[in-house]
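Please look through the sequence and the model below before reading on.

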Amino acid sequence: MLVQVGSHGSSPYRAFFVCGRKPVEIIDNRALQFVTRKADQITALIPKSKVIARKGDQAKIIVNWGHNEAKLLRNLQIKDVPHPITGRYRWPGVYTPFSHQRETAAFLATHPKCLVLSEAGTGKTSAAAWAADYLMRHGEIRRVLIVCPVSIMDTAWRSDLFKTVMHRTVAIATGSRDRRIKIIDGDYEFVIINFDGVKVVRAELEAAKFDLVIVDEASAIKSTGTDRWKALNTLVSPATRLWLMTGTPASQSPVDAYGLAKLVNPGSVPRFAGAFRDMVMYKVTQFKWAAKRTAQDTVYRVLQPAIRFTKEECLDLPDMLYTTRDVPLTKQQKHYYDVIKKSMIAQAAGAEITAVNAAGLLNKLLQVSAGCAYTTDRDVVEFDVSNRVNELLDVIDQTAHKVIVFVPFRHALEMLEQQLAKASVSFRSIHGGTPASQRSESIKQFQTEDDPKVILLIPQAAAHGITLTRADTVVWWGPVPSAELYIQGNSRAHRAGQTNKVTVVRLQGSPVEARIYALLDGKIDLHQGLVDLYKQEIA
């Protein structure tokens with residue numbers, strides 16, 4: 001509370017001192033004003049600074065709000081110094097950053113080693129791109145290595161970099177070892193690589209000496225005993241900036257936090273993982289451990305510095321967020337996909353393609369992509385879809401709330417039931433053959449109880465008339481031919497009663513899936529352009 005001060009015989013700044021220390025204030029987006037006991041140190045180090053009032057050992061000072069000045073003030077342990085990126089950066093790109101993205105970018109630019117623990121769909125990639133660009137502009141860093149899953153190398157990272165910092169050079173280090181090395185040795189400012197690719201070219205990455213390493217979906221390196229963690233650890237020196245990004249740092253156990261803390265804040269955890277386990281867990285039986293009551297506080301403490309936003313806290317986010325993940329077809333899927341495609345090419349050369357013929361063959365490609373195909377005798381051939389299963393499990397693991405998974409084919413759904421059971425994921429499923437009473441019970445249980453976390457649905461059987469607002473993530477195992485089914489399916493979560501932002505995740509591994517998702521984005525049903533889509537596929 002301000003103290004009223006008379007003008008006679010009083011300094012006009014007396015109230016400022018009497019009221020105690022005020023936070024740092026921004027003046028005209030150009031200068032910082034605050035009270036400090038370090039005024040003489042500041043004016044000696046920062047030419048663009050001036051003391052405007054003194055009282056005892058305290059002084060009111062005004063300092064130019066620039067990158068170097070803010071850095072010096074933080075080094076002098078002046079608290080609450082706002083980062084100049086929030087007011088002095090032009091935020092390039094096609095998007096206007098949300099307020100939480102500005103705050104996240106400022107946090108990243110301030111902390112050389114830190115974690116971003118915000119939920120999926122909050123725009124972490126764009127915030128990191130802007131923060132890296134800011135540091136490049138000020139000569140703090142020259143090159144950035146981004147380590148992430150294969151599925152988001154192009155659709156998330158390269159796409160977002162092109163939309164935010166399009167003036168920077170970007171390349172994905174994928175393919176053969178020689179191709180990866182060529183990209184790493186090139187002049188690209190941002191190099192994107194997958195987790196297992198780091199092991200392939202570890203020596204070359206070490207030699208390249210990237211100034212900043214960003215690890216997205218960092219829960220993939222939570223265990224210090226894995227080759228992934230060890231390979232990444234060799235790339236990070238004390239001088240290397242390291243930003244780890246994950247919405248679920250300890251989703252399965254408090255012990256998961258150990259590997260992340262060991263990279264970002266190694267002094268906060270014991271030397272060995274077993275000692276950390278004893279800090280956060282206690283032994284129930286010979287083979288069973290449980291979390292201590294203090295485990296959450298311990299995890300919070302060791303995972304610092306960190307910033308986190310939930311989707312609910314990001315008030316300026318759109319209600320629906322869309323993301324696409326590229327999931328490569330397995331070798332077996334690719335073989336049969338190519339066989340069907342050759343038959344399509346042969347058929348196109350011999351006769352006019354009708355919508356009926358196009359629909360049948362395109363549907364075969366979609367079936368192979370989803371993991372199963374029906375023969376002319378209605379037998380079912382299953383394919384190895386381990387890549388897609390692993391991607392779905394990652395999405396489920398990274399999601400704090402419940403998940404809806406739409407699966408376009410009945411047998412693919414049944415196959416997925418087996419995979420989720422094997423992974424100990426609690427789920428219910430609804431398809432055309434599910435009795436009405438069982439359907440109602442599954443929906444009620446999903447909406448009112450903690451388990452199941454996942455509900456598997458055939459779109460045609462459950463895209464209309466049901467409410468599943470306990471979920472804030474909708475996953476499409478593969479595309480559907482109907483724009484109405486797609487829109488209505490997303491509306492199972494995005495409807496009255498939903499308190500969170502909804503994220504729609506689309507899995508794609510084949511060209512035909514990508515083309516159909518593009519049609520759905522334009523609200524175009526597949527049947528409206530079957531022949532054209534057929535010709536595009538065989539071109």
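## A covered helix

A residue is called buried when its relative accessible area is under 20%, exposed when it is over 50%, and partly exposed in between, as found with a 1.4 Å probe on protein chains only. Helices (H or I, at least four residues) and strands (E, at least two) are DSSP runs, numbered from the N terminus. This is a predicted model, in which local features need pLDDT of at least 70 and side-chain atom pairs count only at pLDDT 80 or more, while totals for chains, interfaces and linings use all residues. Residues are numbered from 1 along each chain as its sequence is written, and side-chain values use heavy atoms, with hydrogens and water left out.

Helix α12, which spans residues 257-264, is mostly covered, since seven of its eight residues are buried. These buried residues are A257, Y258, G259, L260, A261, L263 and V264. Among the elements that cover them are strands β5 (113-116) and β10 (241-245), together with helices α11 (227-233), α13 (273-280) and α14 (295-302).

## The open sheet

Seven strands form an open sheet with parallel pairing, in the order β7-β8-β6-β9-β10-β5-β13; two strands count as paired if DSSP finds at least two bridges between them. Strands β7 (170-172) and β13 (306-307) stand at the edges with a single partner strand each, so one side of each has no neighbour in the sheet. Strand β13 pairs with β5 in the parallel sense over two bridges, and here V116 stands opposite I307 in β13. Helix α6 (residues 124-137) packs on the sheet and touches β5, β6, β8, β9 and β10, and its direction makes about 170 degrees with that of β10. Contact here means heavy atoms within 4.5 Å, and such angles run from 0 to 180 degrees between N-to-C directions, with axes fitted to C-alpha atoms, for helices over the stretch in contact.

Strand β6 (residues 144-148) is largely enclosed by the rest of the structure, because five of its five residues are buried. In a regular strand the side chains alternate between the two faces of the sheet. In β6, V144, I146 and C148 point one way, whereas L145 and V147 point the other way. Five bridges join β6 to the parallel strand β8 (residues 190-194), where V147 stands opposite I193. Four bridges join β6 to β9 (residues 212-216), also in the parallel sense, and the partner of L145 there is V213.

## Nonpolar cores

A nonpolar core is a set of buried Ala, Val, Leu, Ile, Met, Phe, Trp, Tyr and Cys residues joined through side-chain atoms within 4.5 Å. The largest one has 68 residues, and those with the most contacts inside it are I404, V405, L416, V454 and W477. Helix α16 (residues 355-370) gives the most to this core, with seven residues. Another core, of 42 residues, lies apart from it and includes L115, V191, L242 and V299.

## Salt bridges

The whole structure holds 23 salt bridges, each being a side-chain nitrogen of Lys or Arg within 4 Å of a carboxyl oxygen of Asp or Glu. One of them joins the side chains of D133 and R168 at 2.8 Å, N to O. Because D133 lies in helix α6 and R168 in the loop between α7 (153-164) and β7, the pair ties together parts that are 35 residues apart in sequence. D133 is buried, with a relative accessible area of 0%, and R168 is buried at 15%. Salt bridges that share partners join D133, R137, R168 and E189 into one network.
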